[in-house]
Protein chains: 2
Amino acid sequence: MKTKKSLSIKDIAAITGYSTATVSRVINNRGGYSEATKKAVTETIQQSGYTTGAVSSNLVGILVPDLSNEWFAQVCVALEKLLFEYGYSAFICNANEDSRRESFYFQEFVNCKVAALICFVGSKELGDLAIHASFPVVFIDRFPIDTEQLLCLESDNYLGGYMATELLIRKGCKHIMLLDWERPLSVNLARQQGYFDALKDHGIAVDKNLIAELSDQSDHYEGAKNLVFYMINKKLNFDGVFATNDLRAYGALQALQQNGIKVPEQVKIIGFDDSSVSQRCYPALTTVRQDCNYMAKKAVEVLLDRMDGRTTATSEHIILPVSIVERGTT
Amino acid sequence: MKTKKSLSIKDIAAITGYSTATVSRVINNRGGYSEATKKAVTETIQQSGYTTGAVSSNLVGILVPDLSNEWFAQVCVALEKLLFEYGYSAFICNANEDSRRESFYFQEFVNCKVAALICFVGSKELGDLAIHASFPVVFIDRFPIDTEQLLCLESDNYLGGYMATELLIRKGCKHIMLLDWERPLSVNLARQQGYFDALKDHGIAVDKNLIAELSDQSDHYEGAKNLVFYMINKKLNFDGVFATNDLRAYGALQALQQNGIKVPEQVKIIGFDDSSVSQRCYPALTTVRQDCNYMAKKAVEVLLDRMDGRTTATSEHIILPVSIVERGTT
């Protein structure tokens, strides 16, 4: 007896001429199609001699480093909404900023026969796994350094860092602290480079004392608050802070305020992300906005193009625009 | 040829005498066991004539209503850490506050052959599905109204509501607004009841004008801010606000501050959860603390007891203590 081969949603889509999204909706009784469509899809499945139980898979995996970071949580929520509309289910795994877990959960997604995977984490190992995966993988935000053979989607982190630094310079800052994270993530490296290039283009020398990096295991908010507290007590001279995410910017704001230093009068701050904390704190944070919903939309488009067979390209690097949102801290 | 029956981790645990957590760790090469243990488990699997590929399942599903609400995200992060330590993988689905998705994702977890399920959502339908599930299901926080046959775990929401209201009364408030959500969730109903009983026990009549409920689809923060803004402009007389979660409390704080009303001098506020916003806003929020990590620990214990066969009880209602954290808003 031959081993049964399972029929994929893609196979059924190819036979019937409908999109994989439509086929998935029919299989899962999700509505949003005509009776004729339902009949065509169901008959194809029945005639092929396979049961619907053998059909795989409407699952899309999402691998995220830290759900307690609101920005990741918000992109996940946006992704789920879109995927559900298209007839897919989103399964989210939290890798807890741990590279061992990243590879482990990747394998779990393989075992679950996901139709596609969205990764917000990007070790070299994960890049290798993605290249050899039998399903499309798109990296969002963070990705392996060598991305030539991968699908990657990110905000314009370099230009964001450049624009943020330039805004502080335009507002009169001459001693700008970079409040960053020691982990060498692609996103952070790009934002840093933007900072360095903006200083250079404006003839400001880099002051190494003002490059403040949180250690790998720090909490973004508490770590930044403590570090800026320390920098203040060290009597370092700074009049601006570019924090490479909003949680760190908010930590800096609180450290300054608790030391009686006025923001924005004495020190100006700009963050990155435009997460809710930046809108809600006082004064509200000036920040570099990444558009969660647009990012989620593009990621789902990239995957659907592959799942529906509109392209087989496995390498693409998409950069989404960012914008400055000026609020009370600059 | 007979259909192959898959051997469960529980079966292997029963044969070898090791816990399911240990068996799962061996199967997934996660370490933390002796060579002897590894040998015993591997041999049992081999001798049974099944391949390890047929072994199911080290997946634990987590069904959550809204990951962009930090409190849920934090409990998920805590759950994942514990489950991973015990050799299980956590798959999270975000139901997006949509009862249709709750049942849908429940079925997806069944299809994935999860070993157990943790639900932060609780429609009647989901209760029925849980009763008939072949794996243990524990409801956390929110659960179906009729819980007699279910495993439920919650903070002491009633007493939290009572203590919060009583604190405001002790601080001199006589006109206390209840800032709630119209959705009739078990948690909200209990917190409300605590509010009513505390007023009654202190001889304060309920003022219906001060029962403010956000509509079902509102954003907790924006909705609360707008509603309190409206209440202020309506010239309602209130000197205290009990908000049934921190996001709503924070919305109230901002609405009051933007109208030049001093907190805590003119109006006192208490929230519920002790999420990061309550610690980080200014003035920091007084709130009722739910202990995320303890809740996650108890939930995992309840599930492991069942997965490891230490109990078969399918009905239990565990209530965890809450505490008042006094900060700047009271």
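Predicted model: local features only at pLDDT ≥ 70, side-chain atom pairs only at ≥ 80, totals over all residues.
Which helices and strands do the buried residues of H9(B) pack against?

**View 1. Helix H9 of chain B and its packing partners.** The buried residues of H9(B) pack against helix H11 (276–280) of chain A and, within chain B, against strand S6 (176–181), strand S7 (211–214), strand S8 (240–243) and helix H10 (246–258). Those buried residues are B:His220, B:Tyr221, B:Gly223, B:Ala224, B:Lys225, B:Leu227, B:Val228 and B:Met231. In general, an α-helix has 3.6 residues a turn, so residues three or four places apart point the same way. Helix H9 of chain B covers residues 220–233, and its 14 residues, at 1.5 Å a residue, should span 20 Å, which agrees with the 20 Å between its end C-alpha atoms. After H9(B) comes B:Lys235, which has a positive phi, near 60 degrees.

**View 2. The relation between chain A and chain B.** Of the residues of chain B, the one that comes closest to the rotation axis is B:Ile92, whose C-alpha lies at 2.4 Å.

**View 3. The side of chain B that touches chain A.** The contact draws 27 residues from chain B and 26 residues from chain A. On the side of chain B that touches chain A, at least two residues are supplied by each of helix H4 (70–85), strand S2 (89–94), helix H5 (99–111) and H10 of chain B. H4(B) gives the largest share of this side, eight residues. Sorted by class, the side of chain B that touches chain A holds 15 nonpolar, six polar and six charged residues.

**View 4. The open sheet of chain A and the helices that pack on it.** Six strands of chain A form an open sheet with mixed pairing, in the order S7-S6-S8-S9-S10-S12. Its edge strands, each pairing on one side only, are strand S7 (211–214) and strand S12 (323–325) of chain A. Direction ignored, neighbouring strands of this sheet are turned by 20 degrees against each other on average. Strand S6 (residues 176–181) and strand S8 (residues 240–243) of chain A pair in the parallel sense over four bridges, and A:Leu179 stands opposite A:Ala243 in S8(A). Helix H9 (residues 220–233) of chain A packs on the sheet, where it touches S6, S7 and S8 of chain A, and its direction makes about 145 degrees with that of S7(A). Helix H10 (residues 246–258) of chain A also packs on the sheet, touching S6, S8, strand S9 (268–273) and strand S10 (286–289) of chain A, and its direction makes about 155 degrees with that of S9(A).

**View 5. B:Ser99 in helix H5 of chain B.** B:Ser99 is partly exposed, because 15 other C-beta atoms lie within 10 Å. B:Ser99 and B:Asp273 are 174 residues apart along the chain, and their C-alpha atoms are separated by 23 Å.

**View 6. Chain A as a whole.** The C-alpha trace of chain A spans about 80 × 35 × 35 Å along its principal axes. Chain A contains 12 helices and 12 strands, and 52% of its 330 residues are buried.

Terms used. Residues numbered from 1 in each chain as written. Chains lettered and ligands numbered in written order. Expected span 1.5 Å × (residues − 1). Buried ≥ 20, exposed ≤ 12 C-beta atoms within 10 Å, placed from the backbone. Contact = placed C-beta atoms within 7 Å. Least-squares fit on C-alpha atoms with pLDDT ≥ 70 in both. Nonpolar A, V, L, I, M, F, W, Y, C, P; charged D, E, K, R; others polar. Pairing = 2+ DSSP bridges. Axes fitted to C-alpha atoms, helices over the stretch in contact; angles between N-to-C directions.
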